[in-house]
Amino acid sequence: MRATTPRWVEPMLPLLVGTVQIWGSLGAQRGQVHPGDPLSRVPLDPLGFALLVAGPLALTLRRSRPVLTLWTVAAVTVLYVYLGYSYGPAFLGMMVALFHAVQTGHRRAAYTAGGTLWLCYVAYATWVLPTPMGLFPHAGVGSLILVVLTIAEVARARREQRAERERVSREEARRQASEERLSMARELHDVLGHSISLIHVQASTALHLMDEHPEQARTALTTIKQASKDVLTEMRSLLGVLREDAPRSPTADLSQLDDLVERTGPWAAKRVTGAPRPLPPGVERAAYRIVQESLTNVAKHAPGARATVTLEYGPERLAVRVEDTGAGVPGTLSGEGGGNGIPGMRERAAALGGTLTAGPHASGFRVEALLPIPPQTLPSKDAE
């Protein structure tokens with residue numbers, strides 16, 4: 001948890017600075033005021049106390065007028081030094097004003113004010129004092145100003161980095177939410193498209209056979225009932241993803257492929273080559289939805305055609321192939337399709353680094369997807 005400044009510190013800062021300056025200067029003048037000594041500093045009088053209070057008082061405007069506050073405190077500090085009052089924490093207000101100016105983005109004003117303060121001190125120590133000071137005091141004052149400016153720059157950089165991280169985090173959260181919505185839309189398209197197409201085909205079959213073959217019509221109506229139940233179940237599962245306490249991924253996978261083919265109808269069949277094995281959820285979900293969309297397209301665009309679903313488990317990829325016998329049947333799909341089905345399947349395959357091709361073959365239409373299997377899911381060489 002990031003540490004934050006207590007709320008009471010911010011409004012109390014001018015009072016704290018004023019208190020430190022007054023009490024610190026009173027303590028400092030005990031060792032700097034020596035009556036009769038030409039190098040003695042001037043004891044604090046009402047004007048000196050007023051200057052020690054004026055700087056912190058100006059800090060109350062640091063948020064609304066940071067540049068004005070900076071130059072006001074700088075002028076008060078320079079006047080305090082030129083009047084000969086004792087050194088000490090009288091520079092604290094100036095340090096706070098410099099720090100705040102950098103933090104609020106007024107870097108040029110901060111560096112200009114810091115440089116002006118240093119030049120005024122050098123001029124005072126060189127030409128105003130009875131005995132000019134050497135380079136060491138000049139370097140000390142300059143170093144103090146540079147240290148404050150450096151600390152302010154580091155604090156400002158860290159604050160900007162933190163703000164940038166938070167901005168990137170918010171953008172990433174929005175991007176993930178957008179991707180989830182897109183995934184949900186694709187899932188809903190696949191579920192509804194397949195189930196409604198199946199219901200339409202079976203309803204047409206039932207109407208056609210109702211008078212002459214009522215038993216076959218009953219079978220079609222049973223299929224409609226089961227398909228509507230399945231689509232409601234899948235809808236609840238997909239919409240449940242939107243709940244905070246629900247799993248953040250849809251549940252369709254290859255374990256449900258047999259049920260999908262069975263409820264599609266007797267014109268669909270499935271075969272598997274290679275050694276079946278568990279695959280990453282993304283690969284299984286993409287394979288399932290590609291088969292589902294392909295069977296939907298067959299039912300919509302090539303009614304009466306037979307379809308074969310083939311899963312080919314290779315060492316580094318899963319091949320998903322759906323072939324139908326819709327050659328010559330009006331409405332058979334072209335390579336690109338007329339809607340979002342085939343482009344959506346291509347997007348699913350491409351998202352996993354795979355490819356998808358769709359087009360006519362010798363006896364109908366073929367959809368083939370090649371989905372890579374990540375190395376961590378490949379079978380071990382030592383596996384039996």
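Author: What follows is a set of questions and answers on a predicted model.

Reader: What share of the 384 residues is buried?
Author: Buried means under 20% relative accessible area. Among the 384 residues of the protein chain, the buried share is 39%.

Reader: Is tyrosine 124 buried or exposed?
Author: Tyrosine 124 lies in helix 5 (residues 107-128). The cut-off for buried is under 20% relative accessible area. Tyrosine 124 has 3% relative accessibility, so it counts as buried.

Reader: Why is the pair of tyrosine 82 and tyrosine 124 tilted?
Author: The structure holds two aromatic pairs. In this one the ring centres of tyrosine 82 and tyrosine 124 are 5.0 Å apart. Planes under 30 degrees apart would be stacked and over 60 edge-to-face. The planes of tyrosine 82 and tyrosine 124 fall between, so the pair is tilted, at 55 degrees.

Reader: Which ring does the charged end of arginine 41 sit over?
Author: The distance from the charged end of arginine 41 to the ring centre is 4.2 Å. The ring belongs to tyrosine 87.

Reader: Which residue forms a salt bridge with glutamate 153?
Author: Glutamate 153 is in helix 6 (residues 135-209), and its partner is in helix 5, 46 residues apart. At 17% relative accessibility, glutamate 153 counts as buried. The closest N and O atoms are 2.9 Å apart. The partner is arginine 107.

Reader: How many residues apart are arginine 156 and glutamate 160?
Author: Arginine 156 and glutamate 160 form a salt bridge, with the closest N and O atoms 3.2 Å apart. Arginine 156 is buried at 18%, while glutamate 160 is partly exposed at 39%. Both lie in helix 6, about one turn of the helix apart: four residues.

Reader: Where in the chain is arginine 366, which meets glutamate 323?
Author: The side chains of glutamate 323 and arginine 366 meet in a salt bridge at 2.7 Å, N to O. The pair links distant parts of the chain, 43 residues apart. Glutamate 323 is in strand 3 (residues 317-324). Arginine 366 is in strand 5 (residues 364-372).

Methods. Residues are numbered from 1 along each chain as its sequence is written. This is a predicted model: local features need pLDDT of at least 70, side-chain atom pairs count only at pLDDT 80 or more; totals for chains, interfaces and linings use all residues. Side-chain values use heavy atoms; hydrogens and water are left out. Buried means under 20% relative accessible area, exposed over 50%, partly exposed in between (1.4 Å probe, protein chains only). Rings of Phe, Tyr and Trp (its six-membered ring) pair if their centres lie within 6.5 Å; planes under 30 degrees apart count as stacked, over 60 as edge-to-face and the rest as tilted. Helices (H or I, at least four residues) and strands (E, at least two) are DSSP runs, numbered from the N terminus. A charge sits over a ring if NZ of Lys or CZ of Arg is within 6 Å of the ring centre and within 35 degrees of the ring normal. A salt bridge is a side-chain nitrogen of Lys or Arg within 4 Å of a carboxyl oxygen of Asp or Glu.
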